[in-house]
Amino acid sequence: ARAAYAAKRPLSAALHERALEVLGGGNTRTVIAYGPFPTAMTRGEECRLWDLDGHEYLDLCGEYTAGLFGHSEPRIHAALHDVLRRGINFASVGPGEEKLARLLCGRIPSLERVRFTNSGTEANLMALTAARAFTGRPKIMAFRGGYHGGVLTFPFAGSSLATLPLPFVLADYNDIASATAVAQEHAADLAAIIVEPMQGSGGCIPGTTEFLAALRALANETGALLIFDEVMTSRHSAGGMQARLGITPDMTTLGKYIAGGMSFGAFGGREDIMAQFGGKLAHAGTFNNNVLSMNAGVVAMGEIFTAEVAEALYRRGEALRARLNGLAAAAGAPLSFTGIGSMVSVHFRTPAPNRPYAQGQGEEQLRELFFFDMLEAGIYLARRGMVALSLPVGEAELDRFAVAVAAFVDNRAEQLR
Ligand code: PMP
């Protein structure tokens with residue numbers, strides 16, 4: 001699969017060779033680096049992409065959820081053109097940030113006040129800083145398999161807590177006993193419990209309602225703040241995953257699609273926590289309120305991603321996952337699809353679908369095979385096998401994906417056995 005892949009992409013291969021001469025590690029985003037060399041995309045339209053060598057793809061990666069609106073949403077393009085006409089980089093506050101903040105506080109239950117950043121990583125670092133300042137405590141509880149940003153990665157095994165920028169203590173995801181034990185051990189020192197309501201990078205593993213409710217109770221008991229990292233999951237309803245769950249954290253972090261595809265992050269929560277930024281806490285950042293992100297975000301969240309659109313996208317994803325799992329079950333193939341709504345991840349030989357995957361025998365090779373077979377079928381997904389549906393993806397595109405998955409199950413029966 002790799003040799004066929006490489007033979008068809010001489011221009012992407014050559015670009016990779018040149019990039020290795022000037023970019024540390026050959027690129028600037030670990031997640032899109034894979035062997036033998038990554039495909040370089042150069043153009044996008046709605047849910048289609050074209051690479052440097054001229055191949056066309058159906059884009060089901062959806063820029064790891066940031067590409068919710070596709071590549072050419074006319075209302076977002078119009079908002080950006082309008083900003084460009086008025087000029088960029090004013091070193092000042094502006095109406096766009098007030099409007100976007102009002103939209104988000106109006107939708108997400110836990111957001112009484114919000115502030116903007118350039119990325120989800122920064123949003124999490126700022127939320128954790130705010131929690132530490134508010135509680136006067138140092139430690140943060142996070143979960144194995146969790147991902148909160150480039151410097152906030154928590155692998156399942158061999159994670160080196162020493163390289164993390166803050167003092168973390170780790171528990172097992174979806175394991176109430178583990179979370180309770182860790183919270184009790186560090187109760188007096190715990191500033192925050194940070195959790196993804198669904199682990200995204202960890203394989204689209206939904207947190208159970210019981211587990212997330214238990215974290216709410218543990219935060220109340222210990223005096224730690226509960227932070228929901230909804231950088232990915234906020235797309236699951238107008239009010240995010242928290243509205244769907246009926247569990248309200250003290251703070252929430254956001255990112256990805258909210259600025260219509262421009263760089264974005266946000267953190268917010270209770271008024272008393274966020275009031276620290278009027279006094280003892282500073283939060284500067286040249287591009288925090290950049291006019292491209294703020295004004296694209298106002299249109300994206302105010303006009304396009306309405307509650308009805310969010311609900312329809314959620315249902316489309318639920319139907320896709322059921323269809324793919326039905327197809328795998330009917331073929332008796334050892335693959336399954338997890339996730340919530342429009343986010344779907346493939347798993348091979350996974351023993352416990354409700355837990356972050358302990359990778360089964362040969363899981364990684366099958367994951368790679370799946371990725372390259374989909375590319376060969378003209379379908380672009382995240383290398384780890386994650387799909388994030390964007391709004392332009394319609395029934396015809398989902399049919400095409402289902403056909404490609406069925407062909408994979410058929411053609412790779414031997415490897416899957
Ligand atoms: N939190 C979660 C749950 C994420 O999925 C990500 C990005 N994949 C981040 C935080 C970090 O966001 P960013 O890449 O914008 O820094």
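Predicted model: local features only at pLDDT ≥ 70, side-chain atom pairs only at ≥ 80, totals over all residues.

## Two domains

Let's start with the overall layout. The protein splits into domain 1, which covers 2–68 + 307–416, and domain 2, which covers 74–304. If you take the centres over C-alpha atoms, domain 1 and domain 2 are 26 Å apart.

Where the two meet, 23 residues of domain 1 are in contact with 23 residues of domain 2. On the domain 1 side, the elements that supply two or more residues are helix H11 (307–331), strand E13 (335–340) and strand E14 (343–348). H11 gives the most to that side, with five residues. Sorted by class, this side of domain 1 has twelve nonpolar, nine polar and two charged residues.

## The largest nonpolar core

Next, the inside. The largest nonpolar core holds 113 residues, and the members that touch the most others are Ala131, Ala192, Ile193, Leu225, Ile227 and Leu381. Domain 1 and domain 2 both give residues to this core, so it lies between them.

Setting aside its neighbours within four places in sequence, Ala192 is in contact with Leu128, Ala131, Ile140, Ala224, Leu225 and Ile227. Ala131, Leu225 and Ile227 are also on the list of core members that touch the most others.

Which residues of helix H6 are buried? In this helix, made of residues 176–185, they are Ala179, Val182 and Ala183. Looking down the axis of H6, these buried residues fall within an arc of 100°, so they line one face of the helix.

Turn to the other side of H6 and you find Ala177 and Gln184, which are exposed. As for the buried residues of H6, their cover includes strand E5 (139–143), strand E6 (168–171), strand E7 (190–195) and helix H7 (209–222).

## Backbone details worth a zoom

Gly35 and Pro36 are joined by a cis peptide bond, with omega at about -5°. You'll find Pro36 in the loop between helix H2 (10–20) and strand E1 (41–45).

For Thr65, phi is near 90°, and the residue sits in the loop between strand E3 (56–59) and helix H3 (74–86). For Asn89, phi is about 65°, and this residue lies in the loop between H3 and helix H4 (95–107).

Are these two buried or exposed? Thr65 has 24 other C-beta atoms within 10 Å, so it counts as buried. Asn89 has 10 other C-beta atoms within 10 Å, so it counts as exposed.

Technical notes: Residues numbered from 1 in each chain as written. Core = buried A, V, L, I, M, F, W, Y, C linked by C-beta atoms within 7 Å. Buried ≥ 20, exposed ≤ 12 C-beta atoms within 10 Å, placed from the backbone. Domains from an automatic or database assignment. Contact = placed C-beta atoms within 7 Å. Helix = DSSP H or I, 4+ residues; strand = E, 2+ residues; numbered from the N terminus. Arc of directions from axis to C-beta. Nonpolar A, V, L, I, M, F, W, Y, C, P; charged D, E, K, R; others polar.
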